[in-house]
Amino acid sequence: MAIRKLTNWNDPLFRKTSRVVDKFDERLHTLLGDMHDTLEKVNGYGCAAVHVGILRRVVVILDESGVIELINPTITEVSEKTVLFEEGSIAPDSPQQVVKRPKIVTVTGFDRNGEPITITAEDFLAATLCHEIDHLDGVLFTDRDKEYEAEEDLNYVINFKHKYES
């Protein structure tokens with residue numbers, strides 16, 4: 001596989017809607033492998049195909065339990081409870097911002113072979129799924145709600161972030 005060049009944060013490509021994948025073939029498998037390699041190279045958590053200049057509904061996430069590959073993902077359920085995360089992007093020149101996300105999400109989609117999959121995730125993985133799926137719809141985390149209720153909420157964000165950086 002190969003390391004691909006990352007799309008700059010300010011590129012208008014990030015505001016476009018990605019197209020549905022209808023062929024689960026070797027070309028898709030190569031894209032998934034390249035996205036994985038690129039993500040590892042930059043030490044990131046998630047990569048939507050738009051990060052490497054491809055407008056397809058493809059996401060790769062590196063989770064503590066392994067690699068998650070999602071084709072044509074859709075968020076089907078979100079919890080009412082929300083949590084705050086300090087988000088950034090693997091895209092060059094990305095800012096960072098505290099964003100309110102659902103604590104739990106359920107996502108449906110397909111694996112690399114076209115088999116249906118469902119993932120229910122919470123906290124950091126839920127936020128990562130939301131973040132990457134937003135990219136497929138031309139939505140950036142800087143478009144999301146950035147207000148938090150109290151100083152202790154911000155402390156939670158910082159502590160949670162450090163948990164995953166160690």
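Which side chain meets that of D123 in a salt bridge?

## The D123 partner

It is K103: the side chains of D123 and K103 meet in a salt bridge, at 2.8 Å from N to O. A salt bridge here is a side-chain nitrogen of Lys or Arg within 4 Å of a carboxyl oxygen of Asp or Glu. D123 lies in helix α2 and K103 in the loop between β5 (97-102) and β6 (104-110), so the pair ties together parts 20 residues apart in sequence. Helices (H or I, at least four residues) and strands (E, at least two) are DSSP runs, numbered from the N terminus. Both D123 and K103 are buried.

## About the model

This is a predicted model, where local features need pLDDT of at least 70 and side-chain atom pairs count only at pLDDT 80 or more, while totals for chains, interfaces and linings use all residues. Residues are numbered from 1 along each chain as its sequence is written, and side-chain values use heavy atoms, leaving out hydrogens and water.

## Two further bridges

Across the whole structure, a search finds nine salt bridges. One of them joins R57 and D137 at 3.0 Å, N to O. This pair links distant parts of the chain, 80 residues apart: R57 is in the loop between β1 (46-48) and β2 (58-63), and D137 in the loop between α2 (123-136) and α3 (151-165). R57 is buried at 12% relative accessible area, whereas D137 is partly exposed at 37%. (Buried means under 20% relative accessible area, exposed over 50%, and partly exposed in between, with a 1.4 Å probe and protein chains only.)

D134 and R144 also meet in a salt bridge, at 2.8 Å, N to O. Together with E87 and R101, they are linked in a network of salt bridges.
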